[in-house]
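Read the report below alongside the sequence and the model.

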Amino acid sequence: LYNSPETSWGAGLSTGYYFRLGDSLTRHSNLQAQAVYTLRRQFITRLSADLFGPAESWYAYGYLSYRNYTDRFYGIGAQSRLADRLDFNFSSWEARAGWLWQLLPNQFIGPLVRHQYLYNLLPAEAGTWDALQLAGGQGYSTTGWGLEYRFDDRNNVQSTQSGWFLRAWYRHHPAWYGSTPAFGHAAVDLRYFQHFMPQWVWANRLLGQHQNGQPPFRELAMAGGSDFARGFFEGRFRDKNITGWDSELRWQAHRLVGINAFTSVFTVAPAFQKLSTQHLQAAYGLGLRLFVNPRERIALRVDLARNTEGQFGFYIDLSEAF
C-alpha cells in the first residue's frame, strides 16, 4: 500500500532479495522489484540492484523504471506560486547505472551513466502547455555519463544507525545525443548518522546540485517528494541550483516500531552565486516505522509533514527517506 502527494493512494507488489557476495564482513547486496497503480491513474514500475563484491572490492548499482504519470508544474525559481500550478501527463523510461572500484576501505570511484526518454507529454487541459515554451516541454531524450565518488561506512544501507555517506558525481549530457541542448549536472550528497543511547539515531543530510547549459525542465534540480523535503510536492520548487538540509531524530521504541521527527530547509536559484537565505523554504513532520524485516531493518514508513506554505504531505513507503 502506497501514498504520497504526487500519487495519492496506490497499491501494488514489491519484492526484495537480500544476499551476500562475500564473507560476513561484506554488506548485504539486494535486488528489488516494484509495480504500483495509483488513484491518479499512474502506473509506476521499478527494478533496482545494489551489489557489493567480495570484501567490497567493488560496488555496482542499477535502476530501470517505466512511468505512465500525472505530474504538476508550478514554474521555475524560488518565487514560483501555488496559483501557477499546471497539471500534465507523460510517459517515460529512465535507467541509470554505475560501477565503482574500491580505492581504499569504504571509498569507491568509477563511471556512471543515466538515460531518460520522456514522451506523450500532454497538458491536463488542452491549449495550456504550448504557451509555456519550456525546454523539454514537447518531450525529450537525453543520455549523460560521468564520474562518481563514494565514501560509505554506514552499518546498514536500508536503515542506517551509524556512519558517514558521501556521494559526489558529475554527468555531462552532450547535445549530439538525444533531443536536447547540452547540459551538465554536478551534485554532492552528504549524510551523517549518529547512534546515541541504545535506541536513538540522529540522521542528517546535506544536498547540493548544480547544473549548467539548458537542461529540460524535468531534469532541473527539484525539491519535494518522499525522499527530500517531505511536505512539498516533488517539483514544487525547481531550478538549476539547489541547496538543502534534512535532519531526522529516530527513536527505536520497540524491536518492531520506531518513531521519527524530521525537518527540512532548502533554497533554489538559477545560478550558484544567487543561492541565498532570502527565499528559504522549510517543512517538518512526524513519522512511524513498522519493521517488517527487523534483521535487515526493512521498515514500512508512514510520515505526515507540513510545509511553510501551509500544505500537508502524507507518505506511506518502504525504507527510510535517507
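Arg85 is partly exposed, with a relative accessible area of 37%. Here buried means under 20% relative accessible area, exposed means over 50%, and partly exposed lies in between, using a 1.4 Å probe and protein chains only. Asp87 is partly exposed as well, at 22%. This is a predicted model, in which local features need pLDDT of at least 70 and side-chain atom pairs count only at pLDDT 80 or more, while totals for chains, interfaces and linings use all residues. Residues are numbered from 1 along each chain as its sequence is written, and side-chain values use heavy atoms, with hydrogens and water left out.

**Salt bridges**

Arg85 and Asp87 form a salt bridge. The term stands for a side-chain nitrogen of Lys or Arg within 4 Å of a carboxyl oxygen of Asp or Glu. The whole structure holds 23 salt bridges; the table gives three of them.

| Arg85 | Asp87 | 2.8 Å |

Arg205 is buried at 9% relative accessible area, and Asp189 is buried at 4%.

**The interior**

The largest nonpolar core has 12 residues, among them Ala78, Leu207, Phe232, Phe266 and Ala283. Strands β12 (221-223) and β15 (257-269) each supply at least two residues of this core. A nonpolar core is a set of buried Ala, Val, Leu, Ile, Met, Phe, Trp, Tyr and Cys residues joined through side-chain atoms within 4.5 Å. Another core, of 11 residues, lies apart from the largest one and includes Ile44, Phe88, Leu134 and Tyr140.

Asn307 is found in strand β17 (residues 298-307). Is Asn307 buried or exposed? Its relative accessibility is 1%, so Asn307 counts as buried. The side chain of Asn307 reaches the backbone oxygen of Gly231 at 2.9 Å. Leaving aside neighbours within four places in sequence, Asn307 is in contact (heavy atoms within 4.5 Å) with Gly231, Phe232, Ala282 and Ala283. Phe232 and Ala283 both belong to the largest nonpolar core.

Leu1, Trp9, Leu39, Leu304, Phe312 and Phe314 form a nonpolar patch on the surface, with about 670 Å² of accessible area together. Such a patch joins nonpolar side chains (Val, Leu, Ile, Met, Phe, Trp, Tyr) within 5 Å, from residues with over 30% relative accessible area and no salt bridge. The areas come from the Shrake-Rupley method with a 1.4 Å probe, and for residues only the protein chains shown count as cover. Leu1 is exposed at 68% and is found in the segment before β1 (2-4).

Arg41 is found in the loop between β3 (29-38) and β4 (43-52). Its phi is near 60°, a positive value in a residue other than glycine, and Arg41 counts as exposed at 69% relative accessibility. Glu56 lies in the loop between β4 and β5 (58-73). Although Glu56 is not a glycine, its phi is positive, about 55°. Glu56 is buried, with a relative accessible area of 8%.

Technical notes:
Helices (H or I, at least four residues) and strands (E, at least two) are DSSP runs, numbered from the N terminus. A polar contact is a pair of N or O atoms within 3.5 Å; within protein, one must be able to donate a hydrogen and the other to accept it, and residues adjacent in sequence count only if both atoms are side-chain atoms. Patches are made of residues with over 30% relative accessible area and no salt bridge: like charges are joined within 9 Å, nonpolar side chains (Val, Leu, Ile, Met, Phe, Trp, Tyr) within 5 Å.
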